[in-house]
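User: I would like to learn how to read strands, helix packing and cores in a model. Please take one feature at a time.

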Amino acid sequence: MGGMEASVEVIFLFEDESLSCRVTKSTTIETLKIVVCGRWTVLNPWSVHFVLKGQCNQVYVDSDFALLAVFERFFMRGVSTFNLFCERFVCPISPMSPSPCQNPIPPSCSDKNPTTDQARGPRVVSPVSKENISRVLKLEVRNAVAMVCFENGHEPDSKKRKSEPSRYTVRCKNWKTAGCLWEFHAKSITKDNKIFECYMHLSGNEIVKDHTCGAGYRESKVCVPAKFVKQVINEQVRNYPLISPKKIISDFKTDYEINLPYQQAYNGIKLVHKDMYGDDVKAYTDLVWYVKKVEETNEGSIVDFQYDDSTEEFKRLFLAYGALIKVFEYCRAMLYLDATFLTGRFKGCLMAATAKNGNDEFYPIAYGIVSHEDGANWVWFLKNLKKVVKGRQIVFLSDQGTGLLYDVPEVFPDAYHSYWYYHMKQKIPVQGDDQLYPHVLNHWRHAVYALTEGGYNKAVKDLIDLECGHVVRWMEKQGPEHWSNAFFEGCRYGEVASSVAESVNNWVKDEKRMPVSALVNTIRMKLMEVIHKRHKISETMTSRLTPDYENKLKELTDEGNSWIVIPAGDTLFEVVADHRYAVNLEIFHCSCNRWKVYGFPCSHAIQCILLSGKQVYDFVQPYFTSSWYKTLYSFAIHPVPDSEKENESSDNVRVIPPPVKKGPGRPKTERFQPKSVKMKSEKRKIRCGNCKRLSNHNSRTCPNQEVHDFSGI
């Protein structure tokens, strides 16, 4: 932005603050976003939008063309300063919103009664008069002509074109023979012929929208080039990258009365994604630059990027940002391990290790991208994760995947390994249509949540009484020390479900189809936003504990107000409630075992603490305090600017995608559950022709078959 090049000063306005910056013809919109996001950390490059506000309307300036058009307009008028308002979009704007780059110059405010097209917002180009001229780049003129044709029901290839450096004219091919008045003009408004004004021919005071010769009409189903679709939906997709082809088809039908085929809409979206995220193949080579940049911008990050030197094929990537590593000690020593498949062109698998903060919210610590999930990749992931946890004794929660069953004890011999309730439930050795299944499931659930050995033994006895000894043997084979509260040695804070891991999977569900370099960058930006959002929330906390646990403490305190507490010493008490319980404050223990299982004082212990005259907060683990919550979100992940990416060398390293075997049919985008783990209760019930009841059997397999005697017939 320096030298003798002409420039204009831009004042960026956000909330009650301002920022001054000079722009030239060569300034890009991405450069301005980096400058603005560096000044206001609440903004992200992918969510900030610049708005030029006039007296009667406002226009989005979100492309290089829009910025150039605004610069040319103000520079030619001799205006040295103008204001741009910064807006932060938490949710993408509606796909029907005006496109930021399609009409960057505000129309005249003298029209007090705007037409329907004006009220609906600027488009690439509309059939407009000279009083309301649309402006487009030179490269977009032909697309603007096609847009006018499609809007008014004409085939774009039925015209005779005339092109010059400073003007472009399209007339009907019958303009001489039949005197057709249909005509489209585009003329340059800049000396370098970069920006053109587009308008339709006027006959008297009316715009000639239709061919007066009757030619040029088309059927509703027309072959629209993918590049043209890309031009029309470009800003729409950029504002809402996860838009579906069905939405594009609906918009084309509504706006242009074109029955756009699904494949054309899909190809148009893919072309825009390619401009946004880069090529799927090149994305793996981009990782070389990205991991190097992460290590430079985020000190203390742990990155392990592996690829085959001989074949140049991608193997795996592990990434843990320095800010997350620093504050992991303020999270509970408990990690959820899970892997979810990627749905992009080259598939793959996303592994993640997720913790929980003091307000029961998930906190991603590290993640990895591998070609597939197996034991070797899990060992590699866990060995890198060991550098992150720095010797803490961890409680791991996971499914019973083959790799994790043996790899967690191998890499973390001192760790505790808990199995998820849901995945074990699917493997109970009882058929879902068995009449005993609901009773077996209920008793097994009691065994999982039993707080004491006595409660576990009662559940086992109930199963034996049902003559389900094979279920008991299966439970013992799984190892109760891995799934029952009564025998689990570590503290898993009452967690037996996979809800946190599923929340993380849903958090990146739509991003899983992105190219790999765009995926890792998007995850980083989502982490930045979550950390900043919760940092702002932490600043409003006034209680000693986080909001969820402050409420929990109050509920537990109220629960035991009517109980009798008998002191046996300074730290030893007996509580008379529905049963008698012994509480030892010195070793943080209650005979109900709830304090040990949940890592939080139970209602019996709270009454003893209050009687002793001490503060309950002194017996609460610091993970649940608001001060630790604030510290947890006081470290931010730093941005990774890519403005100089093309100028920075990657040592000519080339990485290619791993080989992918394409299966038959349409690629799956939803998680596949094998038969062995499908929910037994989800089987569709049918009406039996024999007993007439809704069940999982038919008349041939009905257990209530009647034996008929046909001997007398």
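User: In which sense do strand β1 and strand β5 pair?

Analyst: Strands of a sheet pair through backbone hydrogen bonds, either parallel or antiparallel. Here β1 (residues 8-14) and β5 (residues 81-88) are parallel, with five bridges; Val10 stands opposite Phe82 in β5. Two strands count as paired if DSSP finds at least two bridges between them. Strands (E, at least two residues) and helices (H or I, at least four) are DSSP runs numbered from the N terminus. β5 also pairs with β3 (residues 48-53), in the antiparallel sense, over four bridges, and Arg88 in β5 is the bridge partner of Val48.

User: What should I know about the model and its numbering?

Analyst: This is a predicted model, where local features need pLDDT of at least 70 and side-chain atom pairs pLDDT 80 or more, while totals for chains, interfaces and linings use all residues. Residues are numbered from 1 along each chain as its sequence is written, and side-chain values use heavy atoms, without hydrogens or water.

User: What is the strand order in the open sheet of seven strands?

Analyst: The order is β13-β14-β17-β16-β15-β18-β19, with mixed pairing. Its edge strands, β13 (302-307) and β19 (416-419), each pair on one side only. Within the sheet, β14 (residues 314-320) and β17 (residues 362-370) run antiparallel and share four bridges, and Phe318 stands opposite Gly368 in β17. Helix α17 (residues 516-538) packs on this sheet, touching β14, β16 (349-356) and β17; contact means heavy atoms within 4.5 Å.

User: At what angle do helix α14 and helix α15 pack?

Analyst: Axes are lines fitted to C-alpha atoms, for helices over the stretch in contact, and angles between N-to-C directions run from 0 to 180 degrees. For α14 (residues 453-465) and α15 (residues 469-478) the angle is about 145 degrees, with the axes 8 Å apart. Tyr456, Val460, Leu463 and Ile464 in α14 meet Val471, Val472, Met475 and Glu476 in α15.

User: How many residues does the largest nonpolar core have, and where does it lie?

Analyst: In soluble globular proteins, nonpolar side chains tend to be buried together. A nonpolar core is a set of buried Ala, Val, Leu, Ile, Met, Phe, Trp, Tyr and Cys residues joined through side-chain atoms within 4.5 Å, buried being under 20% relative accessible area with a 1.4 Å probe, protein chains only. The largest has 108 residues, and Leu337 is among those with the most contacts inside it. This core lies between domain 4 (281-419) and domain 6 (546-619), because both give residues to it; the domain bounds come from an automatic or database assignment.

How values were computed: Buried < 20%, exposed > 50% of the residue type's maximum accessible area, 1.4 Å probe, protein only.
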